[in-house]
Amino acid sequence: MVYKKQHISGSKPGWNSINRHLTPHYGLLISSLTAFLFLTCLCTPSISLCAPGDVVKSSISAQDKAQKTIAKLLKTAKENLGNGHLDEAATALYEIYLNFPDAPQAEDALWRTAKLREKIASNKLDADFEQVRDLYRSYINYFPRSARVPEAYLKLGFAYYHMHFYREALSYIKLFMKKYRDSPLILQAKRWKGKTLIKIGRELDAEELFRAISRDKDLANRTVGIIGMGDLRYVHGKY
């Protein structure tokens, strides 16, 4: 019987055989491990490729840039107002609200835009009160806690009146009178309620309203009542 001579070396028996089997898989193993670590970084929110300080600096830089743009737009609006260019001023102010709705200046910018558009529309034969309506509506929706909201509701009624949507106008005016009875604008609301009643053919209701106001102790109220009665006489052809 012939025996094969065993291989004797300084390594453990069988290691060279194991090594030969594992060596071709080292590249695949390392690639798989690298891919696993990369995916873990992507899926873990707490892991960021940027240092915290870099994120803060980037945020501050964005805020500074926004404030510079807002300051520029405010300057543009002021210059245009000074030159009597109301349309351009309104456009600049609206851009502040449109592009930076969360900025501290956004609320005032939208309000001023609405007031300017209302002024522009009031001086035009082809007045765009639909735009005025939309601006005041946006103000109510986006800044519901503002002290200007009561006036915005009344302005909505005025806008509908000028658009010849008298029933919608009456709804908003009555809503204002119900919700904000102590408002300093209540007298103005009563006058426009009477004017709207006349437009929808409810002249008796308008007369009752104006007559009651004309008997008020307050001179301002009496004046509004007298003007309203004059409007009724005009409708009836009694100049």
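This is a predicted model: local features need pLDDT of at least 70, side-chain atom pairs count only at pLDDT 80 or more; totals for chains, interfaces and linings use all residues.

Colleague: OK. How many helices and strands does the protein chain have?

Modeller: It has 11 helices and 0 strands. Both are DSSP runs, numbered from the N terminus: helices are H or I with at least four residues, strands are E with at least two.

Colleague: How much of the protein chain counts as buried?

Modeller: Of its 239 residues, 31%. Buried means under 20% relative accessible area, exposed means over 50%, and partly exposed is in between, using a 1.4 Å probe and protein chains only.

Colleague: And what about contacts between residues at least 6 apart in sequence?

Modeller: Of those, 43% join residues at least 24 apart. Contact means heavy atoms within 4.5 Å.

Colleague: Helix pairs next. At what angle do α9 and α10 pack?

Modeller: About 155°, with axes 7 Å apart. Here α9 covers residues 186-199 and α10 covers residues 203-214. Axes are lines fitted to C-alpha atoms, for helices over the stretch in contact, and angles run from 0 to 180 degrees between N-to-C directions.

Colleague: What does that make α9 and α10 to each other, roughly parallel or roughly antiparallel?

Modeller: Roughly antiparallel. The cut-offs are under 35 degrees for roughly parallel, over 145 for roughly antiparallel, 65 to 115 for roughly perpendicular, and oblique for the rest.

Colleague: Is the crossing of α9 and α10 left-handed or right-handed?

Modeller: Left-handed. That applies if the near helix is turned anticlockwise from the far one by less than a right angle; clockwise gives right-handed.

Colleague: Which residues meet between α9 and α10?

Modeller: From α9, they include Leu187, Lys190 and Arg191. From α10, they include Ala206, Leu209 and Phe210. By class, the contact of α9 with α10 has 7 nonpolar, 1 polar and 6 charged residues. Ala, Val, Leu, Ile, Met, Phe, Trp, Tyr, Cys and Pro count as nonpolar; Asp, Glu, Lys and Arg are charged; the others, Gly among them, are polar.

Colleague: Let's zoom in on Ala206. Is it buried or exposed?

Modeller: Ala206 counts as buried, at 0% relative accessibility. It lies in helix α10. Leaving aside neighbours within four places in sequence, Ala206 is in contact with Gly194, Leu197, Ile198 and Leu232.

Colleague: How far apart are the C-alpha atoms of Ala206 and Asp231?

Modeller: They are separated by 9.8 Å. Along the chain, Ala206 and Asp231 are 25 residues apart.

Colleague: Then how do α9 and α11 pack?

Modeller: At about 10°, with axes 10 Å apart. That makes α9 roughly parallel to α11. The crossing is right-handed. Leu187, Arg191, Lys195 and Ile198 of α9 make the contact, with α11 residues including Val224 and Ile227. The residues divide into 7 nonpolar, 1 polar and 3 charged.

Colleague: What sits in the loop between α10 and α11?

Modeller: Asp218 lies there. It is partly exposed, with a relative accessible area of 38%. A polar atom of its side chain lies 3.0 Å from the backbone nitrogen of Ala220.

Colleague: New pair. How do the axes of α5 and α7 cross?

Modeller: At roughly 30°, coming within 12 Å. So α5 and α7 are roughly parallel, and α5 passes α7 in a left-handed crossing. Trp111, Lys115 and Glu118 in α5 meet Glu151, Ala152 and Lys155 in α7. By class, that is 2 nonpolar, no polar and 4 charged.

Colleague: Lys155 is a lysine. Is it buried or exposed?

Modeller: Lys155 counts as buried, at 11% relative accessibility. Not counting residues up to four places away in sequence, Lys155 touches Lys115, Glu118 and Tyr136.

Colleague: Last one. Where is Ser146 found?

Modeller: In the loop between α6 (129-142) and α7 (149-162). Ser146 is buried, with a relative accessible area of 12%.

Colleague: What does the side chain of Ser146 make a polar contact with?

Modeller: The side chain of Glu107, at 2.7 Å. A polar contact is a pair of N or O atoms within 3.5 Å; within protein, one must be able to donate a hydrogen and the other to accept it, and residues adjacent in sequence count only if both atoms are side-chain atoms.

How values were computed:
Residues are numbered from 1 along each chain as its sequence is written. Side-chain values use heavy atoms; hydrogens and water are left out.
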